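Hi,

Here is the structure I promised to pass on. Have a look at it first, then read my notes below.

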Amino acid sequence: MAACRNCGSSQVDEDGALGYTICMGCGNVLEDQVIVSEMSFAEGGGGRKHFMGSLVTEDGSVIGSGNLPNKFGCNKNSQRKIVEEATRVMVCIANRLKLAQQHIDSAVMFYKMALSKRILQGKRKCHVCAACLYIVCRTE
């Protein structure tokens, strides 16, 4: 059992789910963002086994749980297909506007960033692609 460095109290609360260790005497945070490397598996319908847990991105946000999707919240094949389809839409729009390939590449990066933040759900792909190209044009 750890003791508080601030007040010396041995009454500490460890919250493994949130990754915090807090002194109950003075409220001092002794540890935060503790990474737990425990692995557990569960058996689903039809005998399927899957890994239990959550994926934590570089910025600390938690996306998905259970089968642990990648950082875009979907498996790699569907992520690749989503980005390829968006790229085709952007190429079509960019050709009409006579934009260079570098503009398309930058817009695809903005699209991937929005996809990783999971803010594209419910948005029309053509509107998002146009917005990404607009951002690139406004920044250059």
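**What I found**

Of the protein's 140 residues, 24% count as buried. Keep in mind that this is a predicted model. The protein exposes about 10,000 Å², and carbon and sulfur atoms supply 53% of that.

If you trace the chain from the N terminus, the elements run β-β-β-β-β-β-β-α-α-α. That makes three helices and seven strands. Take the contacts between residues at least 6 apart in sequence: 30% of them join residues at least 24 apart.

**The core**

Now for the largest nonpolar core, which has 17 residues. Which of them touch the most other members? They are Met90, Ala107, Tyr111, Leu120 and Cys132. Helix H1 (76–97), helix H2 (101–116) and helix H3 (125–139) each supply at least two residues of this core. H2 gives the largest share, with six residues.

Leaving out residues up to four places away in sequence, Leu120 touches Tyr111, Ala114, Leu115 and Val128.

From Ala94 to Ala107 you go 13 residues along the sequence, and their C-alpha atoms are 10.0 Å apart in space.

Let's start with H2. At 1.5 Å a residue, its 16 residues should span 22 Å, and the end C-alpha atoms are 23 Å apart, which agrees. The buried residues of H2 are His103, Ile104, Ala107, Val108, Tyr111, Ala114 and Leu115. Where do they sit around the axis? They cover an arc of only 135°, so they are on the same side of H2. There is a general rule to remember here: an α-helix has 3.6 residues a turn, so residues three or four places apart point the same way.

H3 can be checked in the same manner. Its 15 residues should span 21 Å at 1.5 Å a residue, and its end C-alpha atoms are 21 Å apart, which agrees. In H3, the buried residues are Val128, Cys129, Cys132, Leu133 and Val136. Seen down the axis of H3, these fall within an arc of 135°, so they line one face of the helix. On the other side of H3 you'll find His127, Tyr134 and Arg138, which are exposed.

**Two residues in the loops**

Which way does the phi of Lys98 go, positive or negative? Lys98 has a positive phi of about 55°, although it is not a glycine. You can find Lys98 in the loop between H1 and H2. Lys98 counts as exposed because its relative accessible area is 76%, and the cut-off for exposed is over 50%.

Arg118 also has a positive phi, of about 60°, and is not a glycine either. Arg118 lies in the loop between H2 and H3, just after H2.

**The cysteines**

Cys4 is found in the segment before strand S1 (12–15), and is buried, with a relative accessible area of 5%. Cys7 is partly exposed, at 44%, and Cys92 is partly exposed as well, at 35%.

What does Cys4 touch? Not counting residues up to four places away in sequence, its contacts are Ser9, Cys23, Cys26, Asn28 and Leu30. Cys4 and Gly25 are 21 residues apart along the chain, and their C-alpha atoms are separated by 8.5 Å.

Cheers

Terms used. Residues are numbered from 1 along each chain as its sequence is written. This is a predicted model: local features need pLDDT of at least 70, side-chain atom pairs count only at pLDDT 80 or more; totals for chains, interfaces and linings use all residues. Side-chain values use heavy atoms; hydrogens and water are left out. Buried means under 20% relative accessible area, exposed over 50%, partly exposed in between (1.4 Å probe, protein chains only). A nonpolar core is a set of buried Ala, Val, Leu, Ile, Met, Phe, Trp, Tyr and Cys residues joined through side-chain atoms within 4.5 Å. Helices (H or I, at least four residues) and strands (E, at least two) are DSSP runs, numbered from the N terminus. Contact means heavy atoms within 4.5 Å. The expected span of a helix is 1.5 Å times one less than its number of residues. The arc is that of the directions from the helix axis to the C-beta atoms. Accessible areas come from the Shrake-Rupley method with a 1.4 Å probe; for residues, only the protein chains shown count as cover.
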